[in-house]
Amino acid sequence: MSADFHFIALGGVGQSALARILLCLGYSVQGSDIKESKYTKLVESLGAEVFIGHNKDNIKGKPKVVVSSAIKQDNPELIKAKELGLQILHRSDCLKLISQHFSCFIGFSGTHGKTTTSGLCSFVLENLQKNPAYAIGGIIPKLETNANCYKNSKYLIAELDESDRTIVKYCPQKLVINNIQEDHLDNYKNLDDILETFKKLTYNLDDNSTLFLNIDDRGVLELSKRIKNKNIVTYSINKEAHYQARNIVYKDLTSEFDIYKQNVFLGKVKLIIPGVHNIYNALSVISVLDNLGFKFSDYSKSLSEFTGMKRRFQVIFDNKIKLIDDYAHHPKEIEATLDAIKNLNRRKVVIFQPHRYTRLKALWDEFLNCFNSIDELFVLDVYSAGDKNDESFNSETFAGAIQNKGIKAQYIKGSISEAAKQIALQLKKDDIVLTLGAGDITNIGGEINDLLST
């Protein structure tokens, strides 16, 4: 019997999330991946048929075939699907199809913060026992999952990815745009091109939909000038808006502030995830929840209990040194992450793994100005993610350019294990160390911890 859907690379965090929701909705699912993982095992335990290895014979019957942008055209299963004339869905098409099963689709978008905002909203609605469905590109540590679905789910929460322009396909009832900045310039000409793509996204909103905008962000503010005849809710720290955070107090790695709705005090918020960017993240979620009719007093405790997302300012260990791992790989993300530790009276060390040669080249000057507030920078080899090596814009030349700015920097050549050995020897007691990047740098913290423990 043919499955309804076949996922190529089922073990991906995004692909497996969609598969889990489809299974919950009663569809039959099968899929393949190059190796077994916790995600393939989980989807299999929920009733999916899983194949290890990509093979044309994995395609059985006439399923809809779901692919991501990472799937190459020479994939044997994709070739077979085309030969059979099967319907091929990009994962964005699949999410769009899924969203039609829910009465309230909440989409979180923007260049940065999508995973944290969608994760926080999901966490709060889970705690409120509202049985949300959600598909997120990261693990919510307190829930130990990135996806869920219930038979009676009303709400679907998802992060909407702009990187490959597929974001224009969605039509959420609640749409958050948290920030818009230059990124993914391999797919976009410039910031104006990105703004026009977000503008097209807003065209999809129906008359009952609501658009939530962070008007402190320059890109979002510019977008707001291009949008007409939409239900817009604004949030801000610095400007008059529907929702405002006021009286902000930072202490160590926490923040406290007051929430106002059109100048009426709603209550106090305490976040245990640091930085002003997380205040904006919380503001976006509060704006949506209040708009949906939830009482602030019912979910304020959940806001203070949210520990963030895996790889988003995640403390890996804290003994001789404190090491924090973060997915930040764009200059603005790096600046926001480093801003969260700027007032700590400790030596600040960053281990940075640039992600893609194309991004490093396109945002070279911005990256050079990211690290002015730290004491020492270690630069690992570029995580290419399929990009071709660029000898003019690589990690060695970047470290040299940073040194020319008067910042202590070193290029560390070799594997993650080799880099860990070199760096561990140079760390000092009480250092605060951040590992930044979207590649396999996330593995270096555990290796450094083992080295320092021996």
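## Close-up views of a predicted model

**View 1. Helix H15 and its cover.** The buried residues of helix H15 are covered by elements that include strands S16 (314-318), S17 (322-326), S18 (348-352), S19 (376-380) and S21 (432-436), along with helix H14 (416-424). Contact here means heavy atoms within 4.5 Å. Helices (H or I, at least four residues) and strands (E, at least two) are DSSP runs, numbered from the N terminus. H15 spans residues 444-453, and Ile444, Gly445, Ile448, Asn449 and Leu452 are buried there. These residues lie on the same side of H15 because they cover an arc of only 135° around the axis, taken from the directions from the helix axis to the C-beta atoms. Asp450 and Ser453 are exposed, on the face turned away from the buried side. Buried means under 20% relative accessible area and exposed over 50%, with partly exposed in between (1.4 Å probe, protein chains only).

**View 2. Parallel strands S1 and S4.** Strand S1 (residues 5-8) runs parallel to strand S4 (residues 64-67), joined by three bridges; pairing requires at least two DSSP bridges. Look for phenylalanine 7 opposite valine 66.

**View 3. Inside the largest nonpolar core.** This core has 46 residues, and Phe7 and Ile180 are among those with the most contacts inside it. Such a core joins buried Ala, Val, Leu, Ile, Met, Phe, Trp, Tyr and Cys residues through side-chain atoms within 4.5 Å.

**Notes for all views.** The model is predicted: local features need pLDDT of at least 70, side-chain atom pairs count only at pLDDT 80 or more, and totals for chains, interfaces and linings use all residues. Residues are numbered from 1 along each chain as its sequence is written, and side-chain values use heavy atoms, leaving out hydrogens and water.
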